Amino acid sequence: MYRRNYASFYGGGYKFVKDSSINTLLLYYIEAISICSVNLFMLISGYFLCSRVQSSNKKLVQLLSQYWFVSIGMYVVGIIIRKNSLGIAALIEIIIPKNYFLVFYIIVYVFSPYINIMLEHLNCNDRKRLRNLLIGIFSIYSTVINVLMCFTNVNAENMNPVSRSGDSYGYSIVQFFIMYLLGALLSKEDHFYKKSKSIILWQSNILIIFGIAVFLDFMLLKREFTLDVVWAYSNPLIIFSSVHIFRAFREIEMGCIKAVNSLARASFMVYLIHPYILSMLDFSFIKNFNILQLLFVLIILSILTYCIGFFVYMIWELTIHKMEIIFEKRFVSEKRQS
């Protein structure tokens, strides 16, 4: 069955902390909070793109140009430090997008206008049924199958509704479509949840996820596939976490704050650059840290990673993106006018 590959501080640092230690608890709690981020990103995309009836080629070009800017740039850096060798085959390999998130997001974005048109023709009751079916079949039922396989010798992979080999713990195009649809359905809600209620539900979800992970590790000593199921994007608790955190903060008008807008625009670049940053680090230095030292390193590393990503984004915006704008004004606009 598919195993998730951690590309985070949690994945890089967990093997260096003592089993069943207080540092393990800290990493589990941070993972419980942050694991919903990919689902949340797709949920937000569905919420704000649900009114579009046509996808924008400009958006796709920006996503791909950021990816190429980072991948080619890091390849050149590797050549300079003699870690990479110069070759056409290697260059072609880095040009072809291998980032699962980028590929899945582009696919969902291309299909999004047709999803939006479909949702417009559904009444309120039909939208509720669709939401319940999505969560019931592709999240709750799929998670039950994963749990069954973890705690029994039954091979139930073929029973999973996503694919013959299981649901890949939510690392699938199906999960991306589901979260987009849930975001679009949220935009059509007739009522708003109270912010306090949403925050309580969000924190409750986090505590439940954290409690299950701790119970499996500290009490049952099952750390392999069982914890993969806990951290799966398809886990209904993680889906609900993304829904509740979005409901809690969607009424806050942050768009008018220029600094927040600037930081938000750089988030995709931060996502692209962070695996390269983490791959350069040797996390063995944390093995003798106490919880305060570990927490301090986590905070500093997170801030530095975002700052580096933001800096790379600014370079991209002042160079590649500026060239894209000039090209569009000079050639695309002239073509339209003619």
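Helix H4 gives the nonpolar surface patch its largest share, five residues. Welcome to a predicted model, in which local features need pLDDT of at least 70, side-chain atom pairs count only at pLDDT 80 or more, and totals for chains, interfaces and linings use all residues. Residues are numbered from 1 along each chain as its sequence is written, and side-chain values use heavy atoms, leaving out hydrogens and water.

**The nonpolar patch**
- Trp68, Ile72, Val76, Val77, Ile80, Ile81, Leu91 and Ile95 make this patch of about 660 Å². Two or more residues come from each of helix H4 (57-80) and helix H5 (88-95).
- Patch residues have over 30% relative accessible area and no salt bridge, with nonpolar side chains (Val, Leu, Ile, Met, Phe, Trp, Tyr) joined within 5 Å; a salt bridge puts a side-chain nitrogen of Lys or Arg within 4 Å of a carboxyl oxygen of Asp or Glu.
- Val77 lies in helix H4 and counts as partly exposed because its relative accessibility is 36%, between the cut-offs for buried (under 20%) and exposed (over 50%), using a 1.4 Å probe and protein chains only.

**Inside the protein**
- The largest nonpolar core has 64 residues, of which Leu43 and Trp231 touch the most other members. A second, separate core of five residues includes Leu26, Leu27, Ile286 and Leu294.
- Core members are buried Ala, Val, Leu, Ile, Met, Phe, Trp, Tyr and Cys residues joined through side-chain atoms within 4.5 Å.
- Buried residues make up 42% of the 338 in the protein.

**Overall fold**
- The protein has 14 helices and zero strands, taken from DSSP runs (helices H or I, at least four residues; strands E, at least two) numbered from the N terminus.

Terms used: Patch = residues over 30% accessible without salt bridge, like charges linked within 9 Å, V, L, I, M, F, W, Y side chains within 5 Å. Areas by Shrake-Rupley, 256 points an atom, 1.4 Å probe, with all protein chains shown as cover.
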